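Please read the points below alongside the coordinates. They are set out in the order in which I would check them.

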Amino acid sequence: MKISHTTENTNELLGHMYRNVQMGNENLCDVLPKIKDKFLVTSVTSQMEHYAGYASRTAAELRKRSIRPQELSAMKKAMAKSGIAMNTMFNSSDRHIAEMIEKGTRMGVEDLEGQMVRLTKEGCDREVTALCKEIVAYERAEADKMKDFE
């Protein structure tokens, strides 16, 4: 049975969405113990809960299509962890961490949005595209919120 181009694009976009929210959640989990400001802790914890919800929704969509969600590679996780450790070695202020979160979130959302634009031009499921747009909008808003802590 031949898989349609739209189905392939949809599956690929779902994979990008899943890895995006997994990476966001993983990185926030790594910086959370370094945060001292209770309001920033609350904001980051809320963001992690949203990422977990998005991960659950995208994983369900993947499983509905008989695709096993692909976890982040150990190498990507290690690189992110070491990047966070290096970035906070000399400056672990909440202000600096908020700036790191903002930059990381913007990098992730720009990559996801680029994948969404590319794949939807070629044809993609509307519901999955709508979920991707929701994730993009959420991440942009969260990145903007981090400016309050800088």
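1. Buried means under 20% relative accessible area, exposed means over 50%, and partly exposed lies in between, with a 1.4 Å probe and protein chains only. By that rule E61, at 18% relative accessibility, counts as buried. The model is predicted, and for that reason local features need pLDDT of at least 70 and side-chain atom pairs count only at pLDDT 80 or more, while totals for chains, interfaces and linings use all residues. Residues are numbered from 1 along each chain as its sequence is written, and side-chain values use heavy atoms, with hydrogens and water left out.

2. The salt bridges can be taken next, where a salt bridge is a side-chain nitrogen of Lys or Arg within 4 Å of a carboxyl oxygen of Asp or Glu. A search of the whole structure finds 10 of them. One of these joins K64 to E61, with the closest N and O atoms 3.2 Å apart. The two residues are 3 residues apart in helix α2, and so about one helical turn separates them; helices here are DSSP runs of H or I with at least four residues, numbered from the N terminus. K64 counts as exposed at 58% relative accessibility, whereas E61 counts as buried at 18%. E61 and K64 also belong, with R65, to a network of salt bridges.

3. E99 pairs with K103, the closest N and O atoms being 3.5 Å apart, and both residues lie in α4, 4 residues apart, about one turn of the helix. E99 counts as partly exposed at 30% relative accessibility, while K103 is exposed, with a relative accessible area of 51%. The side chains of R106 and E102 meet in a salt bridge at 3.1 Å, N to O, and these residues are likewise 4 residues apart in α4, about one helical turn. E102 counts as buried, at 10% relative accessibility.

4. How far apart are the end C-alpha atoms of α4? They are 42 Å apart, which agrees with the 42 Å that its 29 residues should span at 1.5 Å a residue; the expected span is 1.5 Å times one less than the number of residues. After α4 comes G123, whose phi is positive, near 115°.

5. Helix α5, residues 126-146, has 21 residues and reaches 30 Å from its first C-alpha to its last, close to the 30 Å expected at 1.5 Å a residue. At its start, a side-chain oxygen of D125 reaches to within 2.9 Å of the backbone nitrogen of E127. The buried residues of α5 include V128, L131, C132, I135, Y138, E139 and E142. Against which helices do the buried residues of α5 pack? They pack against α1 (5-31), α2 (38-64) and α4 (94-122), contact meaning heavy atoms within 4.5 Å.

6. Not counting residues up to four places away in sequence, A143 touches E102, T105 and R106, and E102 and R106 are the partners of a salt bridge. The C-alpha atoms of A143 and G53, 90 residues apart along the chain, are separated by 18 Å.

7. R57, placed in helix α2, is partly exposed at 39% relative accessibility. With residues up to four places away in sequence left out, R57 touches L131 and E134; L131 is one of the buried residues of α5. R57 and A85 are 28 residues apart in sequence and 30 Å apart in space, C-alpha to C-alpha.

8. Is T88 buried or exposed? T88, which lies in helix α3, counts as buried at 6% relative accessibility. Leaving aside its neighbours within four places in sequence, T88 is in contact with K34, I97 and M100. By contrast, M86, in helix α3 (residues 74-89), is exposed, with a relative accessible area of 60%.

Definitions and conventions
A polar contact is a pair of N or O atoms within 3.5 Å; within protein, one must be able to donate a hydrogen and the other to accept it, and residues adjacent in sequence count only if both atoms are side-chain atoms.
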